[in-house]
Amino acid sequence: MANKHAAEVSAVRRSKHGGLLTLIMTVISILWVAPVLIVLLNSFKRKAFIFRNPFGISSSPISQGFARWQNGIRRTFVGFLNYSNAIKKTTFFRCFGYSLFITVGSVILIVLCTSMCAWYITRVKTKATRTIYILCLFSMIVPFQMVMFTLSKFANILHLSNPLGIIIVYLGFGAGLAVFMFTGFVKSVPLEIEEAAMIDGCTPVQTFFLVVFPIMKPTAITVSILEAMWVWNDYLLPSLVLNVNKYKTIPIAIQYLKQSHGQIDWGAMMAVLVLAILPIIVFYILAQKYIIEGVVAGAVKG
Amino acid sequence: MQKANRKYWWLFVLPTMAAFAIGFIIPFFYGIFLSFCKFTTVTDWKWIGLKNYTKILFVNGKLDTTFLHSLWYTSLFTLVTVLIINLAAFGIALLLTKGIRGTNIFRTVFFMPNLIGGIVLSYIWLMIFNAFLQKISQTIVSNQWNAFWGMVIVVCWQQIGYMMIIYVAGIQNISADLIEAAKIDGANSWQVLRNVTIPMLRPTITICSFLTLTNGFKLFDQNLALTGGNPAKQSQLLALNIYDTMYGTNGWQGVGQAKAVIFFILVAVIALIQNRLTTSKEVEQ
């Protein structure tokens, strides 16, 4: 009833201001994506024209005659030259590979290990498990700067300065939030389900993987999304922990595109930015529902 | 059942805890210890007491204002971004819960920048800022206020969509009956907003304010990529100031670590206040 009425109310409102509001929001939305579109446009321009004519498409205005304007367009754009430059300069596909490997590896390891840990510390009540829980909560408020020096040095000593090793570092530094979120969920799972499984002869390991983990799926998705967004975009941790001469993730490659010359090759930069955004947009379109739900769930609990 | 589970601690808890020890526990406590030492790596430490902490403010007996400037600059930056992001996100959330056509597309568009990382975002905007500023012969690092507003714009663009999503969820949780009842009592839409929507949204407002507050305080990537702290360290936010102290000058690692401890205390205090506020709200409901 209430819903039906709300729908009527909004229908009435829609007829009153709806068109105008939609128009205003459309304009704001276009402005909102404009920066990305400008980068996309400039990624096809000759280097020299990016700053000489950042928002236009031709080096001579149309008022000077159509032929010159057309000629100006031809002089401004270089096709995919910036892209081939950028891919060569940054070894983009290798960086993409490292980023993908580290992100996927970290997310799988974090979800697997922290869900097990969270289940254990919720079900087994001892002083030790209580301490673990409190430490996890505590780690969530510690900024990375606090541990960056010691963490990166220890990672070096333990030979974790490679894409495989950094996954363990991510598990360690990302454990707090994940354990917290899984614990919150396990508390709501009725004990009877697990007891029934045990009576049917399941070992604790079987109980966890066959009974508890499937129920946890929504939380696992939320945790995956939050951790993936963090790891994929993270710059400081990998730049300190990884041996950056050998292994660069995408954010590191972009930052080093600036540092290696002092000056920035803006042609290559525009292209590499587009290349960096593309996979994110594809992922966003595919998993939009989960991403937005995950963000809401994460914010309310975190 | 507890007993049966307990045997498996090595399988369930050990992997996470081993990584947690390497990734957090040991670095954290060792970091506190090192803030009282002079060191260049983790093994060559020498106990020097509180000297690192005094060196944050006094160098060779003279007051060094770099850290204080950065603290003040960060506080101002945080204040401005918290206000703009929350007001804008709330406003957009109100519009997007009115059932206007295209709501889903708008929501998708506004949220999109949040998925792009700080480094990528900053270079997108660096190009745009410098393209505009070259018309008045300036760049983003011509002075600290160009840098300030540049960072504000980037951070707003990134976070408004995120906070909007949380506000939308909050607004949708308010029961339609409540708003209807207010309307029947003769409240106009401004009164409904002031006396029903905003009070009911208080928990959401608290969450969003504190998320933006800690995000502002901890901002690093955007600062590094957009301004690098230039001109002359004047646009350094706290996180970058700590990074610069630690890795910029040899022999100053201890001072950097001491600054990091102070930074941690600041962030922890904010988090504790938030925790107090959100839990007391929960009790009220």
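The model is predicted.

Chain B contains 14 helices and four strands. The C-alpha trace of this chain extends over about 75 × 75 × 30 Å along its principal axes. The radius of gyration of chain B is 24 Å, whereas a compact globule of 285 residues would have a value near 19 Å. Of the 285 residues in chain B, 40% are buried. Among the contacts in chain B with a separation of 6 or more, 70% join residues 24 or more positions apart.

Within chain B, helix α5 (residues 66-96) packs against helix α11 (residues 202-218). The angle between the two helices is about 145°, and their axes are 9 Å apart. The crossing of α5(B) and α11(B) is right-handed. On the α5(B) side, the contact is formed by B:T74, B:F77, B:T78, B:T81, B:V82, B:I85, B:N86 and B:A89. These residues meet B:C208, B:S209, B:T212, B:L213, B:G216 and B:F217 in α11(B). By class, the contact of α5(B) with α11(B) comprises seven nonpolar and seven polar residues, with no charged residues.

Between the two chains, 77 residues of chain A are in contact with 78 residues of chain B. On the side of chain A that touches chain B, the most residues come from helix α1 (residues 2-42) of chain A, which gives 19. This side of chain A consists of 57 nonpolar, 15 polar and five charged residues.

Note on methods:
Residues numbered from 1 in each chain as written. Chains lettered and ligands numbered in written order. Predicted model: local features only at pLDDT ≥ 70, side-chain atom pairs only at ≥ 80, totals over all residues. Axes fitted to C-alpha atoms, helices over the stretch in contact; angles between N-to-C directions. Left-handed = near helix turned anticlockwise from the far one by under 90°. Contact = placed C-beta atoms within 7 Å. Nonpolar A, V, L, I, M, F, W, Y, C, P; charged D, E, K, R; others polar. Rg over C-alpha atoms; globule rule 2.2 N^0.38 Å. Buried ≥ 20, exposed ≤ 12 C-beta atoms within 10 Å, placed from the backbone.
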